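Student: Hi! Could you walk me through this one?
Tutor: Happy to. Have a look at it first, and then ask away.

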Amino acid sequence: MTKGGIMTAKKGDWVRIHSILMEAGARAPGIPDDTAKVPYELWDKGFLISDKADIGEKVKIETITGRKLTGNLFETNPSYDHNFGEFVPEIVMIDKQLKVLMGEITK
Amino acid sequence: MNNNYLDLMERKNEIMKKSVGIDYSLFESGSIAFDFEEMMKKVGYSLDEIREIQEETGVGNTPMYELRNLTSLARSLAPAGKGARIFLKDEASNPSGSFKARRAATAVYHAKKLGFKGVIAATSGNYGAAVASQAAMRSLNCIIVQECYDSEGKGQPEIIEKARKCEAFGAEVVQLSVGPELFYTFLKLLEETGYFNASLYTPFGIAGVETLGYELSRQMIDLTGENPDAVVITNAGGGNLTGTARGLIKAGADKTEIIAASVNLKGLHMASDRDFNKKSFTTGHTGFGIPFTTVPDRSDVPRSAARPLRYMDRYITVNQGEVFYMTEALAQLEGLERGPAGNISLAAAFVISQSMDKDQTIIVQETEYTGAGKHIQPQLSFARNNGIEISLGNPKEEVPGKSIVLPSHPSLIKVQDLDLDKLRKSLIKHSLEAINTENQKKLTDKDIQFLADETKSSTKTVKEFIKDIEP
């Protein structure tokens, strides 16, 4: 699994790595079946220590707290892409009704 | 890997002791009972000390708003003479945008005092941002461990926003896929770094919330001349309720009704990869609220300082659609854009006000910041994209994980009361199970008194409950 964008990274770049901590089927005991069937995964960010790498390659990074860890290069210059979502028409219906109700109360 | 997992879990208590600096065995009696008040006293801080600690980093003293328009709307739906005045304590104005700054302030102060170089917290919510913000102020390193993505790499927008905020405050964010192994990763990080475990459930964390209850009482006396009649508290892990109730009692507001409120997520499994993105609330829901109320020691420390059933007078649930509706109403009618989870208590207060007298007061005890990922539009469109049916109608018809029903009229917003005696019996039953597995020890008088304190009931009632449990 990788995320689009810049496909390589060089030493010192801010990158995001991904690794599998537990394989599917080798998860902790007592967890729901659907969770046990998928791997236990980790994502973290840091500066690339390795000289140069392509997305998916095994790399070493230094995190902002100074920890060194290895994983597969997942994203270079990782960005945030959460936003205000798509328009939800029901919300303006609520707004319209509240205006009417308050109009009646304050009349 | 599995062996490694079990080995580490085996060292759990040793790692915990080192990383929180508390020897919990000092408060144990050897059976069910442990000395909760002594634990709070010995390792916590006094209310005055906490006020000073929090003032140093700009935490607390948040404004109290009277929600006049929402009160008018509630009165228009209530019988004559009913409709208590609704107030709201704007905890979003804390430095990190939620009341969690209070918990983080004491934990991070304590870590610094003990000489730790950094702090770690396992949280996908506002607490992470709070710890990161406080750590930045006190120049400590910070690592936040989040459960964030399902197996398709799809993340809850609210959790992704929280990661952004933690990183904005200079924290390292370790993001994980769904599963209880998060605790294993958390322990591993504590051992590797030697950082302080800024758990939500330590005595200093909970004592940090006491100032909220205290301020609430003082502000209401200033505004109305009296303590509030009722306070509604969004309930998940129980710390918010425990700390606020203790603060109210310390302020002398011992007649105020303490009402817990959670959003109803019945039927969704919290450790399920499939269910993870079927819910629209990452906290304040029954999936945390009920288990933490009946088994408080399920937290990440040996003895949790969050023990909500000791203080709860009533526990109600509301549906997701109702909370979304009230979040929108708060913005539209009161000019306050807040939420989502803090507004669970707003939805509850709006309904409960309608059965209280007009001259009474009810408090919505917290708010939280909102924005990209947290706002109701991304929340609802995320749900819709995950196959959740969204409609306007009667929220009573909502099925968690399948539908979200926004009320087609505010009169359709209702609360459901949970049976407190059932929760009390469940807590006692779990406590008895623990003792039964440990060499069949006999219950002592101290244990009975402890269970009475744990469930806000008399020893006589506890004995009756035990008879019902063990026929």
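Student: Okay, which residue stands opposite B:Thr234?
Tutor: B:Thr234 stands opposite B:Ala261, which is in strand 8 of chain B. A strand here is a DSSP run of E with at least two residues, a helix is a run of H or I with at least four residues, and both are numbered from the N terminus.

Student: How do strand 7 and strand 8 of chain B run, parallel or antiparallel?
Tutor: Parallel, and five bridges join strand 7 of chain B to strand 8 of chain B. Two strands count as a pair if DSSP finds at least two bridges between them.

Student: Before I go on, what should I know about the model and the numbering?
Tutor: The model is predicted, so local features need pLDDT of at least 70 and side-chain atom pairs count only at pLDDT 80 or more, while totals for chains, interfaces and linings use all residues. Residues are numbered from 1 along each chain as its sequence is written, and chains are lettered from A and ligands numbered from 1 in the order in which they are written.

Student: Back to strand 8 of chain B, how many of its residues are buried?
Tutor: Six of the seven, so strand 8 of chain B is largely enclosed by the rest of the structure. Buried means that 20 or more other C-beta atoms lie within 10 Å of the residue's own, exposed means 12 or fewer, and partly exposed is in between, with C-beta atoms placed from the backbone. Across chain B, buried residues make up 60% of the 471 residues.

Student: What sheet do these strands belong to?
Tutor: Seven strands of chain B form an open, mixed sheet in the order 1-2-10-7-8-9-13. Strand 1 (64-66) and strand 13 (416-417) of chain B are at the edges with a single partner strand each, so one side of each has no neighbour in the sheet.

Student: And which strand is joined to strand 1 of chain B?
Tutor: Strand 2 (residues 85-89) of chain B, running antiparallel to strand 1 of chain B over three bridges. One bridge pairs B:Glu66 with B:Phe87 in strand 2 of chain B.

Student: Which strands does helix 11 of chain B touch?
Tutor: Helix 11 (residues 239-250) of chain B packs on the sheet and touches strand 7 (230-234) and strand 8 (257-263) of chain B. Its direction makes about 155° with that of strand 7 of chain B. Contact means C-beta atoms, placed from the backbone, within 7 Å. Axes are lines fitted to C-alpha atoms, for helices over the stretch in contact, and angles run from 0 to 180 degrees between N-to-C directions.

Student: New topic: how is chain B divided?
Tutor: Into domain 1 (2-53 + 98-201), domain 2 (57-97 + 204-417) and domain 3 (428-469); the bounds come from an automatic or database domain assignment. The C-alpha centres of domain 2 and domain 3 of chain B lie 31 Å apart. Seven residues of domain 2 of chain B are in contact with five residues of domain 3 of chain B.

Student: How many residues does each chain bring to the contact between chain A and chain B?
Tutor: Chain A brings 35 residues and chain B brings 50 residues. Helix 2 of chain A gives the largest share of chain A's side, nine residues.

Student: Where do strands from the two chains pair?
Tutor: Strand 3 of chain A pairs with strand 5 (residues 172-177) of chain B, antiparallel, over two bridges. There, A:Leu42 stands opposite B:Leu176 in strand 5 of chain B.

Methods: Two residues are in contact if their C-beta atoms, placed from the backbone, lie within 7 Å.
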